[in-house]
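Biologist: I am new to this structure. Please show it, and then take my questions in turn.

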Amino acid sequence: MSSSAGPNPYTIRPNSADSAEQPTGLREIEAELAKRWPENKIEPTLDRINALMDILGQPQRSYPSIHITGTNGKTSTARMVEQLLNTFELRTGRYTSPHVESVTERISLDGQPISVEKFVATYQDIEPYIRMVDEQQPIALSFFEVLTGMAYAAFADAPIDVAVVEVGMGGSWDATNVIDAAVAVITPVSLDHTDRLGSTTGAIATEKAGIIKPGALAVVSQQPLDAAQAILEHAVKVDATVAREGMEFGVLHREVAVGGQLVTLRGLGGGEYSDIFLPLHGEHQAHNAAMALAAVEAFFGVGAAREGQLDIDKVRQAFSGVSSPGRLEVVRRSPTIVLDAAHNPAGAEVTAAAISESFAFTRLIGVIAASGDKDVTGLLEAFEPVLAEVVVTENSTHRAMPVDRLAAQAVEVFGEDRVVVEARLDDAIEAAVTLAEEGGDLGGAGVLITGSVITVGEARLLLGRK
């Protein structure tokens, strides 16, 4: 284990994510939000967010919604759903978390993050009501609850035709769960946030299934057996219809293509959608696409009110324009630098498989900074087969695992000779680039920066990615 890979001329933007310039109004609001409970601290109640919705006049009831939960794949699926709806000329509001670079990314209108001015104005509009709720409740609204209120208010003000809402954590008690979505989507469930959601995939799925409302249609990915049982039991309890991947819809065929993959999907109405180019890497993204298509079909009534399928040309157009920043995103060449927000073992496993399938790396160096509350050993073990060496570091969040502790876990998995330690992310990236170049084959060398959405966002800023 070493502390440096030596000097390197590779240019990295000197500013850190924390020092990047922000408009004064946004910076002040972020400072105010930072005083509240962080989004990883939750209390199992909807009392505060319900109180805020009441005082705002129930803005979340002014538009239909598609609600998305699961352990991995939520944001990519939400972006695909949004793209499909936009292509079918519907105005959308998308609420996702966490953000990659700017908090404004969490609230999008018609596929674009709301402007800083709109973000600031929305906060200022509802801030008096936030204070009123704070004064009435034993605990003040959390960071995530305030942002959720802002999103629902901004969507009503736009106005939008449909909201695409990603759960923050869990489902039943998540602040987003004050909507009454006709379509609920559950992506793959795996072990994450076990201290809050449960120690088995069945227990976690029980919590996530809480977004399925009476009479809704639930679009459910392939799941572990106990998770599938928990979801089906809840659906029966609330008289909801369930569409299961691999049975009512799914991926019929996929093949790797330049810049992504070519897929054939089967929809809810039995229709076949062939020759769809998806500019994202990995089998998991093909399954996310199948989920997104089924959700939009359900929203339009395909498979229930009517058979057939959506306009295939529009579906092809929508998927060809999908992007998912920080998800196997190539940001530099020579050597290739890839960003991926995998932060738990299940996410790392699908990322490792996608890298092996879609990239011909002869030497891949990892840069990993992870959160201390995650199964970091499991994440490292999932990446070990595809990484020649790993540079461990820290991101700027208070949740980051200290670099010495991360290094100790990495040595257990990779061995001392394959681990480099750098306290700063910018130094870690430069060290990884140097290691990648040492093989003398730049065309086959690469760097994977991963471990956390925060890590990926800060790396994106350092590398000047727009």
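Modeller: Helix 4 and helix 5 are roughly perpendicular to each other, a term for angles of 65 to 115 degrees. The model is predicted: local features need pLDDT of at least 70, side-chain atom pairs count only at pLDDT 80 or more, and totals for chains, interfaces and linings use all residues. Residues are numbered from 1 along each chain as its sequence is written, and side-chain values use heavy atoms, with hydrogens and water left out.

Biologist: At what angle do the axes of helix 4 and helix 5 cross?

Modeller: Helices here are DSSP runs of H or I with at least four residues, and strands are runs of E with at least two. Axes are lines fitted to C-alpha atoms, over the stretch in contact, and angles run from 0 to 180 degrees between N-to-C directions. The axes of helix 4 (residues 116-136) and helix 5 (residues 143-157) come within 9 Å, and their crossing angle is roughly 115°.

Biologist: Is Leu328 buried or exposed?

Modeller: Leu328 sits in the loop between helix 10 (312-320) and strand 12 (329-332). Its phi is positive, about 45°, although Leu328 is not a glycine. Buried means under 20% relative accessible area, exposed over 50%, and partly exposed in between (1.4 Å probe, protein chains only). Leu328 has 5% relative accessibility, so Leu328 counts as buried.

Biologist: Which residue does a cis peptide bond join to Ala158?

Modeller: The omega of this bond is about -15°. The residue lies in the loop between helix 5 and strand 5 (162-166). The partner of Ala158 is Pro159.

Conventions: Parallel < 35°, antiparallel > 145°, perpendicular 65-115°, else oblique.
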